[in-house]
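Subject: Structure handover and notes

Dear colleague,

Please find below the structure that I am handing over to you, with the sequence alongside. My notes on what was found in it follow directly after.

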Amino acid sequence: MSPEKRPRVPRGLKQDGAALWSYGFRPFFLGGAIWAAVAMALWIGALARGLPLDGDLGASLWHAHEMVFGFAPAVLAGFLLTAIPNWTGSLPVSGRPLILLVAIWAAGRLAMAGAGIIGLPLAVLADAAFLPALLAIASREIIAGRKWNDLKVLAGCAAVMAGNLGFHAAVLAGGEPSAWLRAAVSGYVLLVLIIGGRIIPSFTRNWLKQRGADRMPAAYDRFDKGFIAWSALALASWTIAPEAPATMLAALAAAGLNAARLARWRGLAVRSEGLLVVLHAAYGFVPLGFLAIAAAGAGLLLPASALHVLTVGVIATMMLAVMTRATRGHTGRALTASRLTGAAYLCLFAAALARPLADLTGVMGLMEASGALWIAAFGLFIAEHAGMLVGVRRQPRVAVS
C-alpha cells in the first residue's frame, strides 16, 4: 500500500486554540504529575480515614494499580507522543485526537477512583481502554516511519498493557495480581534500559562536546545489547518466580552488569548540571533495584520494598528526569535545572530510599515520609512547570528526545 493510501492518525502541530493540546507531552506530563500527587493523597486518606475509593480492590492494590497503570502510563504517553515524531520525522498527534486520548486516560482514573460506586467491572472496562489505544498509535507511527529498530520500545509498552489486563483479570477472578504487577514493572524497567541507554550517553556526549571535553561516554555496542538481554532475563525470572535461587543469582549478575554500564557513561563529568545528573542517578537505581530483588528473594527485604526501589527509584525518577528536561526543551527554556527542580529530584530520591530503609531499620514514620516526599516531588514539578506546559512556546522547539 502506498504512503498516500495508508490510513493515517489525524495529526499535525496545532496552531489554534490552547497550547496544551499542541503536543503530547503537555497534557500528559501535567495530568500525570497531578494524578501522582492526588492518587498518593487519596491512598493515604484511605489508610488513615478509610476513604472508600477502592471498591473490591482494597487500598493497597488500588494504590499499586494507580501508580503503575495510572500515573506511569500518562508520562509514558507524553514521552512517546513527543519522541516518536523526532524518531520518524512525522508531525505529532495534536488537537482533537490528543484530547480524545487524554479523555480516555482521565476516564480510567475517575472510574478506578469511583470503583466502589460504579462497580469494579465497569471501572475495569474504562481503565483498560487507554494502553491499547496508546500502543496502537505508537505502533502505527513507528511502522509508518519504517523505524524498525524502534519497534523494541513497543515490547515494553506491550508488557505494561498485558500487565494491566492480567491484573484486572486476576482481581475479577478473585486471584492474586502480584505477578502481573511485576510483569508491568519489568516492562517499564526494560524501557529504561533501552531508552535510557540511548538518551543518557547522548545528552552527556552533547554537553561534554560543548565544553571541549576529550573523553566521551562509551558508544552503544554489543556490550549494551548483552546487558539488556541479561537484565530482561533476570526481570522475567523475577516476574515468574521472585523467590527462586536462580532469580537471586540472575538479579545479582544484572546489578553488576548495569553498574558497569552506567560507569561507561561518564556521569561524574556532568555533575554540575542537574538535568544530566538526575538521568545518571535514576539509572543508578537500576542496579540497586536488582540488588533489592535479590535481597527480597533471600528474605532480607520485604517484596513490597524491593518493588518500591524499582517503581519509585528507577521508573518514577527517570520519568521525572525526562519530564523536566523535555518540558524545558520543548517550550524554549534553557536546559538547566533550577533550585526548585533540584529539590524535586532530591525529594524523589529520598522517597525511593525511605521505603526499604523502613524495613531495614524499623524506624517509625519512614513509610509515611516516603508518601509525603513523593507528593512534594510532583507538587514542585507542577508549581514550576505547569505554566510552561499550558503556555505558548518561547522560541522554536529544541529537539531533546
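I begin with one glycine, Gly313, which is buried, its relative accessible area being 0%. Please keep in mind throughout that this is a predicted model. Gly313 has its place in helix α12, which spans residues 303-330, and, leaving aside residues up to four places away in sequence, Gly313 touches Ala282, Phe285, His308 and Ala352. Between the C-alpha atoms of Gly313 and Val93 there are 30 Å in space, and the two residues are 220 apart in sequence.

Helix α11 covers residues 274-297 and helix α13 covers residues 339-361, and their axes come within 11 Å and cross at roughly 10°. Because angles under 35 degrees count as roughly parallel, α11 is described as roughly parallel to α13.

The largest pocket

The largest pocket holds about 940 Å³ of space. It is lined by 40 residues, of which His63, Ala304, Leu307, His308 and Arg355 are the closest to its centre. Two or more residues of this lining come from each of α1 (25-49), α2 (59-88), α8 (178-210), α11, α12, α13 and α14 (366-390). Helix α12 gives the most to the lining of the largest pocket, with 9 residues. By class, the lining of the largest pocket divides into 27 nonpolar, 8 polar and 5 charged residues.

The cavities

How many cavities of 30 Å³ or more does a search of the whole structure find? The search finds 4 of them, and about 210 Å³ of space lies in the largest cavity. The largest cavity has a lining of 13 residues, and those that lie nearest its centre are Leu76, Phe79, Val192, Met318 and Met319. The elements that give two or more residues to this lining are α2, α8 and α12, with the largest share, 6 residues, coming from α8. The lining of the largest cavity divides into 12 nonpolar residues and 1 polar residue, with no charged residues.

Met319, one of the residues nearest the centre of that cavity, is in helix α12. Is Met319 buried or exposed? With a relative accessible area of 10%, Met319 is buried, because buried means under 20% relative accessible area. Apart from residues up to four places away in sequence, Met319 touches Phe71, Ala72, Val75, Leu76 and Tyr188. The C-alpha atoms of Met319 and Leu76 are separated by 7.9 Å, although the two residues are 243 residues apart along the chain.

His330 also lies in helix α12, and His330 is buried, with a relative accessible area of 1%. His330 and Thr82 are 248 residues apart in sequence, and their C-alpha atoms are 9.2 Å apart in space.

Two arginines in loops

Arg215 is placed in the loop between α8 and α9 (222-240), and Arg215 is exposed, its relative accessible area being 58%. Not counting residues up to four places away in sequence, Arg215 touches Leu208 and Arg266. From Arg215 to Ile44 the separation is 171 residues in sequence and 47 Å in space, C-alpha to C-alpha.

Arg266, one of the residues that Arg215 touches, is found in the loop between α10 (245-263) and α11. Arg266 counts as partly exposed, at 21% relative accessibility, because the partly exposed class lies between under 20% for buried and over 50% for exposed.

With kind regards

Technical notes: Residues are numbered from 1 along each chain as its sequence is written. This is a predicted model: local features need pLDDT of at least 70, side-chain atom pairs count only at pLDDT 80 or more; totals for chains, interfaces and linings use all residues. Side-chain values use heavy atoms; hydrogens and water are left out. Axes are lines fitted to C-alpha atoms, for helices over the stretch in contact, and angles run from 0 to 180 degrees between N-to-C directions. Helices (H or I, at least four residues) and strands (E, at least two) are DSSP runs, numbered from the N terminus. Angles under 35 degrees count as roughly parallel, over 145 as roughly antiparallel, 65 to 115 as roughly perpendicular and the rest as oblique. Buried means under 20% relative accessible area, exposed over 50%, partly exposed in between (1.4 Å probe, protein chains only). Contact means heavy atoms within 4.5 Å. On a 1 Å grid over the protein atoms alone, a cavity is a set of points where a 1.4 Å probe fits but cannot get out, and a pocket is an open set with protein on both sides within 12 Å along at least five of seven lines; lining residues have an atom within 4 Å of a point. Grid points are joined across faces, edges and corners, and a volume is the space filled by probe spheres set on the points. Ala, Val, Leu, Ile, Met, Phe, Trp, Tyr, Cys and Pro count as nonpolar, Asp, Glu, Lys and Arg as charged, and the others, Gly among them, as polar.
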